[in-house]
Amino acid sequence: MTAPRKLFVKTYGCQMNVYDSERMTEALGGEGYVATDKADDADMILLNTCHIREKAAEKVYSELGRLRALKDINPDLKIGVAGCVAQAEGEEIMRRAPLVDLVVGPQSYHRLPAMDRAVRAGERALDTDFPLDDKFDTLTDRPKARRAPAAFLTVQEGCDKFCAFCVVPYTRGAEVSRPADRVLREARDLVEAGVVEITLLGQNVNAYHGHDGGLAGLIRDLAKIDGLERIRFTTSHPNDMDDALIAAHGDCEKLMPYLHLPVQSGSDRMLKAMNRKHTAEQYLKLVERIRAARPDLLLSSDFIVGFPGETDADFEATMDLIRAVEFGQAYSFKYSTRPGTPAAEKPQLPEGVMAERLARLQALLTQQQHAIQDGMVGRTVKVLFEKPGRIAGQMIGKSDYLHAVHAVAPAAAVGQVLPVRITSAGPNSLGGELIA
Ligand code: SAH
Ligand code: SF4
Ligand code: F3S
């Protein structure tokens, strides 16, 4: 028997890439590869890349520069680039980086086994098609190995929204939903392998239409699976938050009280220029309706500062919206010009203006986040324990509200949802005591 070949996958970008990296590892498992967490030990290195901002895309080329040394030591090492940079710049990567053996886009990775064979035969392989054969259908069933308690499950991919700043509609293609029966089958397999929490993923997950009842219908069917205790979904677009999904937040016990609902800006002028197709007022009304269904729901958002044309008044409108909503968590970015997107044609704001606005915005968001975390002290929350903490005897998990929580607990707590009284709030996590 030949020794297994080793595959090292490095993942950048969003959760959908995390899911894809797992599936690519599984797809290459059939070719005799096993995963390794050491690059210098690998027979193949795959970079699963992100194109969302300029810095993310640059990382690929600097990482490839570092990998050259490994290839010098081991000429049999194969190097592949997958993900959104592969999709956007595949041919350029092939030209600029001769050490790259294969480039595979996010919609073609079920073809990796054939590409691997070509590469082993000394060829270079590039596949950035949007093939008609659905990659999810062609992938093998997931192996039955024991899994960590929380898992991602991609149910929808691509985006038809074309926000003026964003590359995703180009790198991931048009919106596609996986049929509900496939998703339910994959969810049952995950639960059998020890998973108790599933996060449904999609670039616009609430536009999911693979079930007659939309995402809410899928969630209600998933909730019937014994052993699956928690359901989450991300990322949602405000315009696709329909009544059924809001209602599910009110009465589906397994659906967790946390919602990532990116708004990007609080200025109607900017929202229009960004092609977001809603106003600040409509977002606030929506938040009100969601909170009426589930008053303790914790909201999270993404923000872009310094979109072309953003004035001080536009920026202040974003600060006002943040004050009105009170976010429990948020991600914020300076606008980054992406080639090929409509906003790339417009004059950019000075870097200093963007930096100053971002700092003020982040200070406000951090203040809100800390206030909400401090407010958890004294409350009892349910925690899904996931792994041992850094301090002996401590275990780490996530509360219903997605806060990281550490508490003294037995090793057997991993995979269980247990009540914890919160006793302290740090900047990034909460501390608590297990309630016997
Ligand atoms: N589908 C999701 C977002 C995917 S991208 C949604 O619609 O909310 C994740 C986040 O990256 C976006 O919400 C946005 O805040 C940020 N982003 C996308 N393109 C960007 C750009 N060109 N510059 C800066 N931030 C960007
Ligand atoms: Fe990008 Fe907008 Fe689509 Fe989100 S909704 S992925 S920000 S184009
Ligand atoms: Fe990045 Fe592609 Fe995700 S651009 S954010 S990896 S969809």
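Predicted model: local features only at pLDDT ≥ 70, side-chain atom pairs only at ≥ 80, totals over all residues.

Residues are numbered from 1 along each chain as its sequence is written, chains are lettered from A and ligands numbered from 1 in the order in which they are written, and side-chain values use heavy atoms, with hydrogens and water left out.

Let me turn to ligand 1. It is surrounded by 15 residues, where a residue counts if one of its heavy atoms lies within 4 Å. The closest are Phe165, Gln203, Gln264, Asp302 and Ser336. Strands E13 (298–305) and E14 (329–334) each supply at least two residues of this shell; strands are DSSP runs of at least two residues, numbered from the N terminus.

Which atom of Gln264 lies 2.7 Å from an oxygen atom of ligand 1? It is a polar side-chain atom. Gln203, by contrast, places a polar backbone atom 2.7 Å from a nitrogen atom of ligand 1.

Around ligand 2 we find, among others, Cys159, Cys163, Cys166, His237 and Arg276.

Finally, the domains, whose bounds come from an automatic or database domain assignment. The chain is divided into domain 1 (5–127), domain 2 (141–256) and domain 3 (380–434). Over C-alpha atoms, the centres of domains 2 and 3 are 25 Å apart.

Technical notes:
Polar contact = N/O pair within 3.5 Å; in protein donor to acceptor, adjacent residues only side chain to side chain. Helix = DSSP H or I, 4+ residues; strand = E, 2+ residues; numbered from the N terminus.
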